[in-house]
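Please read its numbered points alongside the sequence and the model.

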Amino acid sequence: MKRIFYILTAVLGMNYAASAQFPGGGGFGGGGMGRGGDRNGSMGGMNQQQKALPDLPKGNGRISGIVVDSVSGKPVEYATVAIFDVKSGKPVDGTVTDVKGAFLLKSVPDGDFKFVVSFIGYKNTEVAKLTIGKGQKEQNLGNVSLPPDVLTLTEVTVKGEKALIEDKVDRLVYNAEKDISNAGGDAGDVLRKVPMLSVDLDGNVSMRGSQNIRVLINGKPSTIVANSVADALKMIPSDQIKTIEVITSPSAKYDAEGSAGIINIITKKNNLQGITGSVDIAGGNRSSNLFGNINLRTKKLGVGLNAGGRMMYPPTGGYIDISRQLANGETLRTRQENNGQQLGGFGNVQLSLDYSIDAKNSLTFSARNSRRAFNLDNTQQSYSFINSVKTPTFGNEINTKNLGNNLDLNLDYTRKFEKEGKEFSVLAQFSQNAGDNSYTRDLYQGLSVGEITYRESNPNKSKTQERTVQIDYQDPLSQYVQIETGAKMILRHIESDFRFNYDSTGTGILKANPLRTNVFSYDQNVYSGYLSFLFQTKNKWGFKPGLRYEYTQLAAKYQDAPETNLPDFGSLIPSLTISKSLRGGKTIRFSYNRRIQRPSIQFLNPNVSQSDPFNISFGNPNLNPEYTNNFEVNLSTFFKTTTLNFSAYTRMTDNSIETVRYRGGQELFNQLTLAQGVNTGTVVVGNNTLLTTFQNIGSNRAYGLNVFAMVKPARGLTINGNFDVRYIMLNSPALGISNQNWTFNLFGQVQYQLGKDWSAQLFGFGRAREIQLQGTQGGFMGYSFNILKEFKKKQASLGFGAENFLQNAFKQRTNLSSSTPGNVFTQEQVNYMYNRGFRITFRKRFGKMSFDGNFFQRKKSVNNDDSKQGGDNSNDGGGQGGGGGMGGRRGG
């Protein structure tokens, strides 16, 4: 029993080594195993004090050696090595030996430790006291002998794996790599299963009902999400996502952008030494993908290369019914029916390098290139209603293209010090996204067949460029106090080059319209600095106040026109988190933070898009930023095999940027574009055209409750679910419009281990209709079933997935209305989502890895016993940032 206990605690030590924090207990601190928790790695087994402290760097000590059989002298493979704090007896770190019996524990903090080696069929070997300190940073134990045990065990199974969902002090972590249904999808598919998030059928992400979120990749911003978060998520294969972090209360260390909070997508990274890799293939009726990666790691140098792509080809369809009241009191009613086919391709390639200069200094470089090419061929047929008689008026054949090319370059330097937890880092980043959103439209009179009577095209190229330099410093001033400070500079340049070509006869050559051709440029420079403290007390209180200051410089202009006068402004961004660890493993937390949402190119772009003549959209270059105050109270608890998390929150946004729609003709269009400074040239607008733009409308209030639960009622069975309900209030005094109502979203998931190598999962989600300023957007639902078979000692897997298999298409209904004088209309829009899908997935891992860093020295002696460990590139030792292991903890 004692041997099994050591094995279990050693495995837990490996899984949660990255969570080890300040010694002592209270508030944000503490360590060790939580009371009442199970030891299979679930959230119930996490110490609630550990969860209450943000992850901090560990020490610089190292413990190494070779475990051998005391009788034969041969190396012992897979032996469990663990160290425990001498005073508390709590596990600190652990690992297993490689094929040569060698082990290496890195980043060991200063202190006195008990060293234990154990393995089935052997007696434990212990060293009562090992000291890591200023004068003794490295302990090489040489050969550690394990004596055979006369006791014969029939079978012992030891498991230590992360839970699917982990709740930490300032974030919720979804371990995507543990979810079998994520194979063969993209980041949008993954985010649908994350508590507090909701993803609509177009891929747009909301956090507690708000789409004003900041999306980071490996803890860093990227222009890949500048034009469209939905498009960016499609470019990230789900197979390469390690974890998703949802940060509802960001500290002062993070950029202030994102009114609702931050989503941090952490990709997989291999920290084991040797050569490893994997290949992922998926094919289905709606999408297919191919992805591969290879990693080379020595003692000081790591090189990773991964590349892949995905094709999507679902059909689309739907209709729009429009009724508008004219000035003479008559009602004009039209109907538009759509039928189309989408074809999209997404891909990326990434090179990562990290180099340990010495024990205290390290460098990381990464380069990522992502591309998208999306095409939609759509047929529109329009009708008018006269005395309830449906008459065809005109038809359109529309081809829409969405192209993108994104480049991210990152260079990080990290300096650690003798003092545990003290760290200095510098990050430099260059990010650029070049986009091309264009359409061509052929117009027919009557039905959409026969002779073309009019043609037009609207090329719109855009470019978003960001250059970032960031400096961070943290220092634990004492056992209970830590300081964090830093500075950052972001230089952004945005361009929109829009043109318009037309042929009024439908039979000639397209010619340019100079009145609708221009280049809009927008510069946004942000200079910021922050300071935050972490205080903890002996009676388990924790306080983390912080203050961030951001100064923003703005400039905007059209080509060959005077520069628009946009004022510079400064913003103070306070944040505060207070936590208290209660008896029974409960943790209660209160947090407050202020956020700012600056308008991006998708809101500012002045290009007038007329791909659909009934629905014209254009941005607003005169938008101002919005400010949000967030308040949240959170309670986390667990008992036996159940974990519960309750959050009550309030989100109060002023100067809110919202979508505003007008149903009107040429005169109203001219008034709007003139007031917003949009260059329109000779745009012709029909009497029943819906005009869509963005404005700072006033206030947006949300009051909500979020409940998450996870339970393990039986061995191998995990059930988790999330429910979020909120009351939304939108009010625009200037427009005389307000709307308010309840809404909710939920999901549930059941995962079961069917024997040794089989697993199955059932997932379902639903979202009620969303409140908008002038109406509602329809709700929707989805479900999936997945089964996975692993073989070749988990080095390969074959899976099957089915989504929404009981029906061919979902209907999403959106209702808009306005009773404002001069803008009286109703509109019903129904979209058909053909998302019934089936897919087969295959993964193969390959390679050899070790822990001692001597891969090249030992390669001549490789023999047939090297297939035991495999090459799962997901083992990166933690969920705090990725991106080379440095800088990932830094805020955006």
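1. Lys419 is partly exposed, at a relative accessible area of 35%; buried means under 20% relative accessible area, exposed over 50%, and partly exposed in between, with a 1.4 Å probe and protein chains only. Lys419 forms a salt bridge with Asp475, whose closest N and O atoms are 3.1 Å apart. A salt bridge here is a side-chain nitrogen of Lys or Arg within 4 Å of a carboxyl oxygen of Asp or Glu.

2. The model is predicted: local features need pLDDT of at least 70, side-chain atom pairs count only at pLDDT 80 or more, and totals for chains, interfaces and linings use all residues. Residues are numbered from 1 along each chain as its sequence is written, and side-chain values use heavy atoms, with hydrogens and water left out.

3. The salt-bridge count comes to 38. Another of these pairs is Arg492 with Glu466, at 2.9 Å from N to O. Arg492 lies in strand β25 (residues 481-498) and Glu466 in strand β24, so the pair ties together parts that are 26 residues apart in sequence. Strands (E, at least two residues) and helices (H or I, at least four) are DSSP runs, numbered from the N terminus. Both Arg492 and Glu466 are buried.

4. Glu828 and Arg813 also form a salt bridge, their closest N and O atoms being 2.8 Å apart. Glu828 is in strand β45 (residues 823-833) and Arg813 in strand β44, 15 residues apart. Glu828 is partly exposed, with a relative accessible area of 24%, and Arg813 is partly exposed at 34%.

5. Phi of Asn655 is near 60°, a positive value in a residue other than glycine. Asn655 is placed in strand β35 (residues 642-664) and is partly exposed at 31% relative accessibility. Phi of Asn804 is near 45°, again positive in a residue other than glycine. Asn804 sits in the loop between β43 (796-803) and β44 (810-820), and is buried, with a relative accessible area of 7%.

6. The largest nonpolar core has 33 residues, of which Tyr174, Leu191, Ile241, Ile244, Ile263 and Ile265 touch the most other members. A nonpolar core is a set of buried Ala, Val, Leu, Ile, Met, Phe, Trp, Tyr and Cys residues joined through side-chain atoms within 4.5 Å. Apart from this core lies another, of 19 residues, among them Val608, Val660, Leu672 and Ile771. Residues that Ile244 touches (heavy atoms within 4.5 Å), not counting those up to four places away in sequence, include Leu172, Val190, Val194 and Asn264.

7. An open sheet is formed by 4 strands in the order β3-β2-β5-β6, with antiparallel pairing. Two strands pair if DSSP finds at least two bridges between them. The edge strands, β3 (91-96) and β6 (125-132), each pair on one side only. Strand β2 (residues 80-85) is joined to β3 by 5 bridges, and Ala82 has Gly94 of β3 as its bridge partner.
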